[in-house]
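Student: Could you walk me through this structure? I have not seen it before.

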Amino acid sequence: MNKNKNTRETTPGDGLRSLRSTTLFRAVNFELYTKPNKTIMILGVMAMLGCSGYIFYMNFNQKRNDYRTLVKSDDTVVLVKKASKWTE
């Protein structure tokens, strides 16, 4: 059997790791060739949930805000309490 150093034994579950590719492709698509790390995945999911929760929290507080900014004729900015949703 003629074996080349570029051919590998393929096993089920190897995915793209079993294919021949260039070093540039492997460097650019690093996550395709590494095995999943559960610790990093959990930290990433927690970070994404934390960021999403903070955005929803800020949006909720902004909708609860009963004040709006008003620019007077002398270029001063004043916070005025909203009287009604119809009078914007």
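This is a predicted model: local features need pLDDT of at least 70, side-chain atom pairs count only at pLDDT 80 or more; totals for chains, interfaces and linings use all residues.

Student: How many helices and strands does the protein chain have?

Tutor: The protein chain has three helices and two strands, and along the sequence they follow the pattern α-α-α-β-β. Helices (H or I, at least four residues) and strands (E, at least two) are DSSP runs, numbered from the N terminus.

Student: What percentage of the residues count as buried?

Tutor: Of the 88 residues of the protein chain, 3% count as buried. Buried means under 20% relative accessible area, exposed means over 50%, and partly exposed lies in between, with a 1.4 Å probe and protein chains only. The protein chain exposes about 8,700 Å², of which carbon and sulfur atoms supply 61%. Accessible areas come from the Shrake-Rupley method with a 1.4 Å probe, and for residues only the protein chains shown count as cover.

Student: And contacts between residues at least 24 apart, what share do they make up?

Tutor: Among contacts between residues at least 6 apart in sequence, 0% join residues at least 24 apart. Contact means heavy atoms within 4.5 Å.

Student: Let us turn to α3. Why is it said to lie largely in the open?

Tutor: Helix α3 lies largely in the open because the number buried among its 27 residues is zero.

Student: What does UniProt list for residues 40-60?

Tutor: An unreviewed UniProt entry lists residues 40-60 as "transmembrane region". UniProt positions are given in the numbering used here, feature names are shortened, and annotations may be inferred rather than shown by experiment. In the model, residues 40-60 are 100% helix and 0% strand, with end C-alpha atoms 30 Å apart.

Student: Which residues make the nonpolar surface patch?

Tutor: Ile40, Ile42, Leu43 and Met46 make a nonpolar surface patch of about 430 Å². Met46 is placed in helix α3 (residues 38-64) and is exposed, with a relative accessible area of 53%.

Student: Now the strands. What does Thr69 touch?

Tutor: Not counting residues up to four places away in sequence, Thr69 touches Val77, Val78 and Leu79. Thr69 is in strand β1 and is exposed at 55% relative accessible area. The C-alpha atoms of Thr69 and Val80, eleven residues apart along the chain, are separated by 6.2 Å.

Student: And Val71, where does it lie?

Tutor: Val71 lies in strand β1 (residues 67-71). Leaving aside neighbours within four places in sequence, Val71 is in contact with Thr76 and Val77.

Student: What is phi of Asp75 near?

Tutor: Phi of Asp75 is near 65 degrees, a positive value in a residue other than glycine. Most residues other than glycine have a negative phi. Asp75 lies in the loop between β1 and β2 (77-81) and is exposed, with a relative accessible area of 66%.

How values were computed
Residues are numbered from 1 along each chain as its sequence is written. Side-chain values use heavy atoms; hydrogens and water are left out. Patches are made of residues with over 30% relative accessible area and no salt bridge: like charges are joined within 9 Å, nonpolar side chains (Val, Leu, Ile, Met, Phe, Trp, Tyr) within 5 Å. A salt bridge is a side-chain nitrogen of Lys or Arg within 4 Å of a carboxyl oxygen of Asp or Glu.
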